[in-house]
Amino acid sequence: TDVGPPNKVPVISSENPVDGSIDVPVSLSELSFRISDRDNDRMDYTVTTSPDIGSGSGNFKKDGVYKIPVSGLQGNTKYSWRVVVNDESDSVEKTFSFTTEMIAPVVSDPLPIDGDDWIPLDTSELSFRLKDFQGDLMDYTVETSPNIGSGSGFGVGDGVYSVDVGGLDGT
């Protein structure tokens with residue numbers, strides 16, 4: 001009996017977003033990948049995502065680029081997606097990952113430093129840095145407890161902001 005040459009396994013390539021990508025927009029609407037088989041076998045594929053943002057499959061496909069719709073991506077989240085491809089004889093799989101962009105504003109560099117126990121009683125302001133990675137304008141509100149001062153800002157950009165305070169009690 002003529003067995004013929006050994007089967008060549010399918011190849012998964014050209015993933016988009018590229019494996020390990022960061023700052024991927026949360027508006028991403030599809031994942032894409034290329035499948036090919038050097039024997040020209042028809043292939044079946046299945047795609048799953050974790051956390052689940054979409055999945056899909058195709059049967060009896062030729063070499064080519066295929067797309068899976070995705071939706072509901074969250075900011076600053078790592079997603080993985082697995083592609084499994086079968087030809088008539090073999091199965092291969094690849095897992096890719098990407099991380100979405102930060103979309104929430106970030107508050108950093110508080111002064112006095114959070115948790116600091118030794119603040120001079122004549123401290124007259126609190127300050128902090130605001131940053132939005134999309135460059136959006138932000139609104140902020142600062143409240144203190146007990147009430148030694150408060151403040152707010154509307155439609156502000158990235159920068160350092162301060163709030164006047166007074167009447168610190170040393171007891």
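This is a predicted model: local features need pLDDT of at least 70, side-chain atom pairs count only at pLDDT 80 or more; totals for chains, interfaces and linings use all residues.

Student: How many bridges join E10 to E13, and in which sense do the strands run?

Tutor: E10 and E13 run antiparallel, with six bridges joining them. In this pair, Leu130 stands opposite Gly159 of E13.

Student: Which residues of strand E13 lie on its covered face, and which on its uncovered one?

Tutor: The general idea comes before the case. In a regular strand, side chains alternate between the two faces of the sheet. In E13, which spans residues 159-164, the covered face has Gly159, Tyr161 and Val163. The uncovered face has Val160, Ser162 and Asp164.

Student: Is Ser127 buried or exposed?

Tutor: Read the relative accessible area against a cut-off: under 20% is buried, over 50% is exposed, and in between is partly exposed. Ser127 has a value of 14%, so it is buried. This residue is found in strand E10.

Student: And why does Arg129 count as partly exposed?

Tutor: Arg129 counts as partly exposed because its relative accessible area is 37%, which falls between the two cut-offs. Arg129 is also found in strand E10, residues 125-131.

Student: What does Ser127 contact, beyond its neighbours within four places in sequence?

Tutor: Its contacts are Asp109, Pro110, Leu111, Val160, Tyr161 and Ser162. For Arg129, counted with residues up to four places away left out, the list is Val106, Val107, Ser108, Asp109, Gly159 and Val160. With Asp109, the side chain of Arg129 makes a polar contact of 3.0 Å.

Student: How far apart are Arg129 and Pro110, in sequence and in space?

Tutor: They are 19 residues apart in sequence, and their C-alpha atoms are 7.0 Å apart in space.

Student: What should I look for in the hairpin of E4 and E5?

Tutor: Look at the pairing, then at the turn. Strand E4 (residues 43-50) pairs with strand E5 (residues 56-61) in the antiparallel sense, over four bridges. Met43 has Lys61 as its bridge partner in E5. Five residues lie between the strands, and Gly54 takes a positive phi near 150 degrees.

Student: What is the volume of the largest pocket, and which residues lie nearest its centre?

Tutor: Rolling a probe the size of a water molecule over the atoms shows where empty space is left. Here the largest pocket has a volume of about 530 Å³. Its lining has 20 residues, with Pro112, Asp116, Ile119, Ile148 and Leu168 nearest the centre. By class, the lining holds 10 nonpolar, six polar and four charged residues.

Key. Residues are numbered from 1 along each chain as its sequence is written. Side-chain values use heavy atoms; hydrogens and water are left out. Helices (H or I, at least four residues) and strands (E, at least two) are DSSP runs, numbered from the N terminus. Buried means under 20% relative accessible area, exposed over 50%, partly exposed in between (1.4 Å probe, protein chains only). Contact means heavy atoms within 4.5 Å. A polar contact is a pair of N or O atoms within 3.5 Å; within protein, one must be able to donate a hydrogen and the other to accept it, and residues adjacent in sequence count only if both atoms are side-chain atoms. On a 1 Å grid over the protein atoms alone, a cavity is a set of points where a 1.4 Å probe fits but cannot get out, and a pocket is an open set with protein on both sides within 12 Å along at least five of seven lines; lining residues have an atom within 4 Å of a point. Grid points are joined across faces, edges and corners, and a volume is the space filled by probe spheres set on the points. Ala, Val, Leu, Ile, Met, Phe, Trp, Tyr, Cys and Pro count as nonpolar, Asp, Glu, Lys and Arg as charged, and the others, Gly among them, as polar. Two strands pair if DSSP finds at least two bridges between them.
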